[in-house]
Amino acid sequence: MSEARLADALARLEQNKNLRLPLRSRDLLGRMSLRFLWRRQVKWQVEMNAAIVDAVAALREITARQQQEIGASTFATQDQLRVELEDLRRSDQNMLSGLNQRLYSAVGGLRTEISDLRLRLTDKTDSGEAIEARLAAIEAGLVELSSSAHEARLRHAQVDLFLDRARADARPAETPVPDRGTYLELAVAELLDGPAERTRTERAAYLPVITEARDSGAIGPVFDVAPGRGEWLDLLRAADIPGRAASANPVVVRHCAEQGHAVAERDPLGELAAIGGRSLGAVVAFRYAERLAPGDLARFFDLAGRALLPGGVLVVETPERDAGRDPFLRAPVHPSFLRFLAEAAGFRRVEIHRPDPAGLTPLAELSTGGPQQADRYTLLAWM
């Protein structure tokens with residue numbers, strides 16, 4: 001092997017490095033010795049040269065082998081690095097391709113959403129304009145229908161008056177003509193309140209007040225002092241709440257009887273006075289307080305307070321100001337006066353509200369700068 005050859009050559013060089021030739025050459029013995037030594041020197045030189053050649057060859061072989069090994073190792077390392085770099089490049093390309101694909105997909109999705117939003121916005125704008133146009137048309141139609149309904153109610157009232165006059169003319173001369181007001185009350189109710197169905201919808205807001213009073217223990221009939229066309233009695237019957245009513249107008253009594261309601265034909269205050277004390281769950285008065293004289297109104301509060309059970313409620317709805325359409329109206333009643341009458345009659349809690357189909361809204365008294373635009377307000381008083 002190269003290492004053995006190198007070691008052998010180095011040993012031979014070490015062995016022959018101390019050769020000394022004699023310097024004397026005058027005597028024969030010296031010459032013979034010199035010749036002998038010269039031959040030995042030549043032999044030594046040859047051996048030295050051979051050893052050097054072997055050492056050099058061994059070193060070349062070792063160097064070549066090492067270079068080959070280093071080259072092979074380097075080539076292997078380079079090949080491995082090249083492979084790893086190629087793998088990294090492919091992974092990077094795959095990752096970049098995936099990221100680009102996701103990015104393009106996200107951008108495409110965003111563009112699609114933006115387009116959809118723009119379309120929706122355009123549709124909503126068009127729809128909003130169409131809705132506004134429809135609302136304007138509906139409002140115009142409502143104004144026209146309201147005007148037509150008002151004219152129809154006026155014609156209905158005129159027809160009632162004409163029929164009343166015709167009935168009076170058809171009777172013998174000796175038959176007394178009935179009071180015109182008895183026929184006007186229902187016509188005026190149609191004129192002031194509109195269709196009965198709308199009136200029932202508006203007055204249904206008071207049913208929770210009645211139910212609350214019954215839940216608190218005031219379980220008794222509800223007395224209506226002004227039944228009119230019977231809208232409130234219809235609501236009580238639908239809610240399975242017992243109701244009573246009285247009217248001095250025989251036309252009202254007959255009309256309510258046709259609706260299936262028993263209404264006493266007598267003055268409401270007289271009927272309320274005849275009712276036993278602490279027997280009613282509620283007393284209601286729609287379009288009634290403004291048609292009474294102040295003394296009769298105070299008596300009405302006193303009688304209602306005496307007839308109501310503990311926890312019972314008094315409901316009085318009345319105009320806020322003179323609308324000029326009710327021929328039976330004496331004068332609008334100020335909320336402060338109604339509150340005074342209720343507190344003087346012994347009611348423990350009194351509230352003023354604005355009537356609304358969706359419920360009752362508290363209303364500040366007019367004397368304190370409360371709202372003036374509505375045409376009605378409601379007093380609620382509990383015993």
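This is a predicted model: local features need pLDDT of at least 70, side-chain atom pairs count only at pLDDT 80 or more; totals for chains, interfaces and linings use all residues.
The protein contains 10 helices and 7 strands. Of its 383 residues, 34% are buried. When contacts between residues at least 6 apart in sequence are considered, 73% of them join residues at least 24 apart.

Two packed helices are described by the angle between their axes and the distance between the axes. Helix 4, which spans residues 196-203, packs with helix 6, residues 231-238, at an angle of about 60°. The axes of helix 4 and helix 6 lie 9 Å apart. With this angle, helix 4 is oblique to helix 6, and the crossing of the pair is right-handed. On the side of helix 4, the contact is made by Ala196, Thr199, Arg200 and Arg203; on the side of helix 6, Glu231, Trp232, Asp234 and Leu235 take part. The residues of this contact comprise 3 nonpolar, 1 polar and 4 charged.

Arg203 belongs to helix 4. Arg203 has a relative accessible area of 6% and is therefore buried, the limit for a buried residue being under 20%. Apart from neighbours within four places in sequence, the contacts of Arg203 are with Asp193, Glu231, Trp232, Leu235 and Phe286. Arg203 and Glu231 are 28 residues apart along the chain, and their C-alpha atoms are separated by 8.1 Å.

Leu297, Ala298 and Phe301 of helix 9 make the contact with Phe337, Leu338, Leu341 and Ala342 of helix 10. The residues of this contact divide into 7 nonpolar, with no polar and no charged residues.

The largest nonpolar core has 34 residues. Within this core, the residues that touch the most other members are Leu272, Val283, Phe300, Phe301, Leu314 and Phe347. Two or more residues of the core are given by each of helix 8 (268-274), helix 9 (294-307) and helix 10 (335-344), and likewise by strand 3 (280-286), strand 4 (308-319), strand 5 (349-354) and strand 7 (376-382). The most is given by helix 9, with 6 residues. Leaving out residues up to four places away in sequence, Leu272 touches Phe223, Leu280, Val283, Phe300, Leu303, Ala304, Arg306 and Ala307. A second, separate core consists of 28 residues, among them Tyr206, Val209, Ala218 and Cys256.

Although Arg278 is not a glycine, its phi is positive, at about 55°. Arg287, also not a glycine, has a positive phi of about 50°. Arg278 has a relative accessible area of 40% and is partly exposed, while Arg287, at 16% relative accessibility, counts as buried.

How values were computed
Residues are numbered from 1 along each chain as its sequence is written. Side-chain values use heavy atoms; hydrogens and water are left out. Axes are lines fitted to C-alpha atoms, for helices over the stretch in contact, and angles run from 0 to 180 degrees between N-to-C directions. Helices (H or I, at least four residues) and strands (E, at least two) are DSSP runs, numbered from the N terminus. Angles under 35 degrees count as roughly parallel, over 145 as roughly antiparallel, 65 to 115 as roughly perpendicular and the rest as oblique. A crossing is left-handed if the near helix is turned anticlockwise from the far one by less than a right angle, and right-handed if clockwise. Contact means heavy atoms within 4.5 Å. Ala, Val, Leu, Ile, Met, Phe, Trp, Tyr, Cys and Pro count as nonpolar, Asp, Glu, Lys and Arg as charged, and the others, Gly among them, as polar. A nonpolar core is a set of buried Ala, Val, Leu, Ile, Met, Phe, Trp, Tyr and Cys residues joined through side-chain atoms within 4.5 Å. Buried means under 20% relative accessible area, exposed over 50%, partly exposed in between (1.4 Å probe, protein chains only).
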